[in-house]
Amino acid sequence: MLYWHWLVLGMVLTAIEIFLPTFTALWFGAGAILVGVLLLLIPSLSLAWQIGIWSVASAAATWA
């Protein structure tokens, strides 16, 4: 996936948060935006690393 795919996914998940009573989609969106920014800095990240970083970042943000 390209960096802008992650950024768009993050924005969509953040926008979906408007319709949900919890903050869960917001944290998954924040994780996706983080992966998009990392891809701008390190464009050679594999898809497995991208999904792993997104999962860990989303879980950590939700837990915090």
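With 64 residues, a compact globule would have a radius of gyration near 11 Å, and the protein has 11 Å, which agrees. That radius is taken over C-alpha atoms, and the globule rule is 2.2 Å times the number of residues to the power 0.38. This is a predicted model, in which local features need pLDDT of at least 70 and side-chain atom pairs count only at pLDDT 80 or more, while totals for chains, interfaces and linings use all residues. Residues are numbered from 1 along each chain as its sequence is written, and side-chain values use heavy atoms, with hydrogens and water left out.

**Overall layout**

The protein has three helices and zero strands, so the pattern along the sequence reads α-α-α, where helices (H or I, at least four residues) and strands (E, at least two) are DSSP runs numbered from the N terminus. Taken along the principal axes, the C-alpha atoms fill a box of roughly 35 × 20 × 15 Å. Of the 64 residues, 25% are buried; here buried means under 20% relative accessible area, exposed over 50%, and partly exposed in between (1.4 Å probe, protein chains only). Contact means heavy atoms within 4.5 Å. Among contacts between residues at least 6 apart in sequence, 47% join residues at least 24 apart.

**Helix H2**

Let us start with helix H2, residues 24-41. At 1.5 Å a residue, its 18 residues should span 26 Å, and its end C-alpha atoms are 26 Å apart, which agrees; the expected span is 1.5 Å times one less than the number of residues. Which residues of H2 are buried? They are Ala-25, Gly-29, Gly-31, Ala-32, Val-35, Gly-36 and Leu-39. These residues cover an arc of only 155° around the axis, which puts them on the same side of H2, the arc being that of the directions from the helix axis to the C-beta atoms. The buried residues of H2 pack against helix H1 (3-16) and helix H3 (47-63). On the face turned away from the buried side, H2 carries the exposed residues Leu-40 and Leu-41.

**The core and its aromatic rings**

Trp-6, Ala-32, Val-35, Leu-39 and Leu-45 make up the largest nonpolar core, a nonpolar core being a set of buried Ala, Val, Leu, Ile, Met, Phe, Trp, Tyr and Cys residues joined through side-chain atoms within 4.5 Å. H2 gives the most to this core, with three residues. Leaving aside neighbours within four places in sequence, the contacts of Trp-6 include Met-1, Ile-33, Gln-50 and Trp-54.

Rings of Phe, Tyr and Trp (its six-membered ring) pair if their centres lie within 6.5 Å; planes under 30 degrees apart count as stacked, over 60 as edge-to-face and the rest as tilted. By this rule there are two aromatic pairs.

| Pair | Centre to centre | Angle between planes | Type |
|---|---|---|---|
| Trp-6 and Trp-54 | 5.8 Å | 55° | tilted |
| Phe-28 and Trp-54 | 6.0 Å | 65° | edge-to-face |

Phe-28 lies in helix H2 and Trp-54 in helix H3, so their pair ties together parts that are 26 residues apart in sequence. The pair of Trp-6 in helix H1 and Trp-54 in helix H3 links parts 48 residues apart. Trp-6, Phe-28 and Trp-54 form one aromatic cluster.
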